[in-house]
4 protein chains.
Amino acid sequence: MQIGLIGLGRMGGNIARRLMLDGHQCVVYDNNADARAALAKDGATAVTSLAAMVEALPTPRTIWVMLPAGEITENTIGQLTEMLSKGDIVIDGGNTFYKDDVRRSKVLEQKGMHYVDVGTSGGVWGLQRGYCMMIGGDKATVDYLDPIFATLAPGAGDIPRTERPAGADPRVENGYMHTGPAGSGHFTKMVHNGIEYGLMQAFAEGFDIMRNRNQPQLPDGERFDLNVADIAEVWRRGSVVSSWLLDLCASALAKGPELDNYSGYVDDSGEGRWTIAAAIEEAVPAEVLSSALYARFRSRQEHTYAERLLSAMRMGFGGHIEGRGQPPKQGEAS
Amino acid sequence: MQIGLIGLGRMGGNIARRLMLDGHQCVVYDNNADARAALAKDGATAVTSLAAMVEALPTPRTIWVMLPAGEITENTIGQLTEMLSKGDIVIDGGNTFYKDDVRRSKVLEQKGMHYVDVGTSGGVWGLQRGYCMMIGGDKATVDYLDPIFATLAPGAGDIPRTERPAGADPRVENGYMHTGPAGSGHFTKMVHNGIEYGLMQAFAEGFDIMRNRNQPQLPDGERFDLNVADIAEVWRRGSVVSSWLLDLCASALAKGPELDNYSGYVDDSGEGRWTIAAAIEEAVPAEVLSSALYARFRSRQEHTYAERLLSAMRMGFGGHIEGRGQPPKQGEAS
Amino acid sequence: MQIGLIGLGRMGGNIARRLMLDGHQCVVYDNNADARAALAKDGATAVTSLAAMVEALPTPRTIWVMLPAGEITENTIGQLTEMLSKGDIVIDGGNTFYKDDVRRSKVLEQKGMHYVDVGTSGGVWGLQRGYCMMIGGDKATVDYLDPIFATLAPGAGDIPRTERPAGADPRVENGYMHTGPAGSGHFTKMVHNGIEYGLMQAFAEGFDIMRNRNQPQLPDGERFDLNVADIAEVWRRGSVVSSWLLDLCASALAKGPELDNYSGYVDDSGEGRWTIAAAIEEAVPAEVLSSALYARFRSRQEHTYAERLLSAMRMGFGGHIEGRGQPPKQGEAS
Amino acid sequence: MQIGLIGLGRMGGNIARRLMLDGHQCVVYDNNADARAALAKDGATAVTSLAAMVEALPTPRTIWVMLPAGEITENTIGQLTEMLSKGDIVIDGGNTFYKDDVRRSKVLEQKGMHYVDVGTSGGVWGLQRGYCMMIGGDKATVDYLDPIFATLAPGAGDIPRTERPAGADPRVENGYMHTGPAGSGHFTKMVHNGIEYGLMQAFAEGFDIMRNRNQPQLPDGERFDLNVADIAEVWRRGSVVSSWLLDLCASALAKGPELDNYSGYVDDSGEGRWTIAAAIEEAVPAEVLSSALYARFRSRQEHTYAERLLSAMRMGFGGHIEGRGQPPKQGEAS
């Protein structure tokens, strides 16, 4: 198929490349000339404006927007909506808030256009491994785009097959899925990321508990000098916690179990926050997913105001004066 | 009554003073000569050894040990047990782990002595306000010691009376209570402190949320310039959250709403930890009490190992390079 | 002053009564005729429509809307906005979402009217004790309404005074406060309720831990037969956790420590949820406030879907078959 | 090698079978005659008492105890210690608390015997897939037992290799690891299970959030009719959350996405609890691992006492009467 691709960052660029490797033709745009040139070298037709892209594509046009969620995506899709024609398709492959998809899809629908939201997982590994895609939109459009998704998806690979009911959608086993109407793709991807935060935090806490058994001041029987890199590695084989995230832990810990090169300032993207918002809307308890998000918030601060207020209350009722700027006294109970 | 008091720190010294102000006679010991001298000036008989205290007291002796929980209390009570006689009473007024009380009380019982554990709340205000006491031990001994407890307790004060069933224990309205067998006093005090951590953390989080609405970069309609000192003060009158801890917040915030003089390194004592251990033994969910404890643990560290592992995993799947030593980017969603 | 009051439920009716007891004149409306009649008997002028209220009040009019937050408040204020004149004041005393206040206040401002949002705490006790009020709106309007607020507020009472800086707003010590621009009153009340949930949950967990020590099957040294009603009562005197919520615990437990008459289905109102949403917007960790909210969500369900999925995973890796409908096996470790 | 195996349950029986399939000779004991007979049919020498096992094995003897953690394991190892000789080896392959290992290993060491603790993951799949093993004990003994562990381990399989430092222990890539001194094997396995709880709860919450979007009463744009079975399946390919636990979710959901056959009463074993105890000893925040444990506690109860106390407080300050036995009102905000 022929497809336009807007946004040639790490994700967008590799999506174009994976499409072209499988014979699709890509018209690409990015406001960065180097990014355009790199893709042109790899076989894409690079254009220098949205208008040029609209002109370059045959109707009905298919344009995949792969930009940071928020204002820039909103504006780009807004501009496209003004330029495109009835029957054209806009795909938002970024990390858009699902309620924005629902809203936008209605706008496009009124103009006879089609809106498809694709939640995409796979990170920097997608070019080789393929992208796991959760796709929201009307059935006819998603079916029409199947060649694109089939190319981008990782395929069945050698992953053991699940026993599924007769008639189950075979696309799912290839790593892509039509999740439902517009918004449902990003909703599903949002929860995916919420879960991802929870899984990461579970590993992080567990390794922290193990690594703290290595402190020299601990008495015999309490100190174990655990090789956390080897522990991650051994769990990769046959244990219940084996997972891609564990693979990443093993890989990082093998390079240096103290992780000295990592800051511990942990960013979060919108999906983790929106997942909690969705849970609260639904009255679903989401302790673990919330805690994982809060751990990231906390990681980006020195002392919080909340903690200073705790100190102040302790001073008030007990006369406790707590150190300022002292080295952390981990493990100490006063 | 005549009573021996071991440990003349902030708590022990004031307990002796409050007893003497009400006519009790105190024989006191501390290994710090200044502390002994200060109490002697206030009317106590200061002795320079445990043996001297045992000698100075008439039988049956009553000795109140008011030392830091752990080894020093354990050793002191161990030595006393060797020196005392049948019928004597040992009171542990510190923050002892309740299982230690159960164990010790059995040792004393076998020697015909009595063990009483007193959980004491009231902090630095106890001398004037009195101490809220939760008392574990055999009924006869606790009844015998009633004059001591009646003096130390805050009394009914002008606190509105609760409608209680006929025959309810009147001592409770005066601020002291026989909670049950040995260990039950410290168990009750332990849970008290667990709850205290939870209450403190609830206030701390709430004020943090309010104070964060004052950031200059927030747009109109989002920024409120809230006077958090006044908010604490106004809530003291008629609101559902009015409490002593709120009084302390109001007082601290009135002195400077930014709390710049407080470190935010928040210590924890054994009771908070043991409360969680008790909850887990009982299979009682204790989310809030645990979170309050963990917030203190976290407050005493720079970046945790857990957070560095999160950074490492993010690097692994997304190529995210996170800043090290950058100023905290609070409120940023990437 | 003369004031219109819309909504004569538990809160609105008592607000009118407290105002009239202090000499204010109330024109009242409710769509329930009995509610109108009850207030008329207590001295109010009852009207049978919004239009009649607008007609009955002298300009500039002051109308206090005390209705459930959401659609009904929104519609009522919308209708009022059409009927009122320049200079009139609309007060929303309900539990409105603060962003709705910000929006509405702009609409009214454009018409030359004034919007005031009043977060009100005090529950069913407000008629006697007064209401703690957090007031958002423009300064001139809030100052103009001072006689109303002064009447409704609890006053300084005999609550010990906090040492406050010179020039601190004296209204605050009487239990009401101008928190800032429109929206800030409900924002402050929202966080108040978020904190309230956290405080309640801290007490709830702590008493659960204590009450679980009373189970007959526990061995000596583990079982304490704690009188939880007396414990709540004793803590009311001199302990760090003394608070209004503790008073309520003491009162409820005195009537029956097993709390058999209470369902344990715990509702939540919008404020608890919005507090978490605000925390997430601000990237403030709010573990305790979130956990308190989730405990309520969980309390309203039998088994969650999440729990069934845990059972299913356990079946998958371990062949664990878990009982369905068996009596809860609290405290059991398998 | 020749090895004795005590405890022929699901785990112990399959361990014996996997050993015999690889040419090891097993002397087996269980107090259940059927279990003994089944293993005898598969080639083991079944004996009818511990004494008979001790007699049947050549010195130095190796005996693997595979019994439920706690009293029965403690007693069995205690009896063995009386019967065995210098140089003999006792392996505890159960889920023993690591501090019990430390204690026991000292007892055996004084008698010249060797104690090895093996944390074993792999569940019912171990016979075919092999067991992931974390092994604590002295180096010489663990090396001596290598043929046993090599047989039981899953082997390297086709799992992609991690780039490890030169000289890294090759056994780890085969799925078994000498973690350090006695106790360290079970400590590592304990944390493994703590992490497992966290991972499971993250998936459980996420799927609960998705499934709640399928409720018929939701408006368009909010309701998605998500096929959660297909979502689990699609995430198995290329997504960041791919893992064995996700495989299990996919498998269970494919059989019926409502999971009606699962109770939602979720048991917990000691490891989850001990992990939190270890975290608290070390002052490591473990929000996610704790929440996962508490969710299981909560799942085994109808309404908690804590929740009834919340109802009681709400009645106290607001006159809220909450339904008893009403259908859960999920998603309702009052």
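In this predicted model, helix α1 (residues 10-21) of chain A lies across β1 (2-6), β2 (25-29), β4 and β6 (114-121) of chain A, and runs at about 165 degrees to β1(A). Helices (H or I, at least four residues) and strands (E, at least two) are DSSP runs, numbered from the N terminus; axes are lines fitted to C-alpha atoms, for helices over the stretch in contact, with angles from 0 to 180 degrees between N-to-C directions. Helix α9 (residues 184-211) of chain A packs on the sheet as well, touching β5, β6, β7 (132-136) and β8 of chain A, where contact means heavy atoms within 4.5 Å. The direction of α9 makes about 15 degrees with that of β6(A).

The sheet itself is open and mixed, with eight strands of chain A in the order β3-β2-β1-β4-β5-β6-β7-β8. Two strands count as paired if DSSP finds at least two bridges between them. At the edges, β3 (45-46) and β8 (176-180) of chain A each pair on one side only. Further in, β4 (residues 62-65) and β5 (residues 89-92) of chain A run parallel and are joined by four bridges, with A:T62 opposite A:I89.

The same surface serves both copies, as 100% of the contact residues of chain A recur in chain D.

Residues are numbered from 1 along each chain as its sequence is written, while chains are lettered from A and ligands numbered from 1 in the order in which they are written. Local features need pLDDT of at least 70, side-chain atom pairs count only at pLDDT 80 or more, and totals for chains, interfaces and linings use all residues, while side-chain values use heavy atoms, leaving out hydrogens and water.
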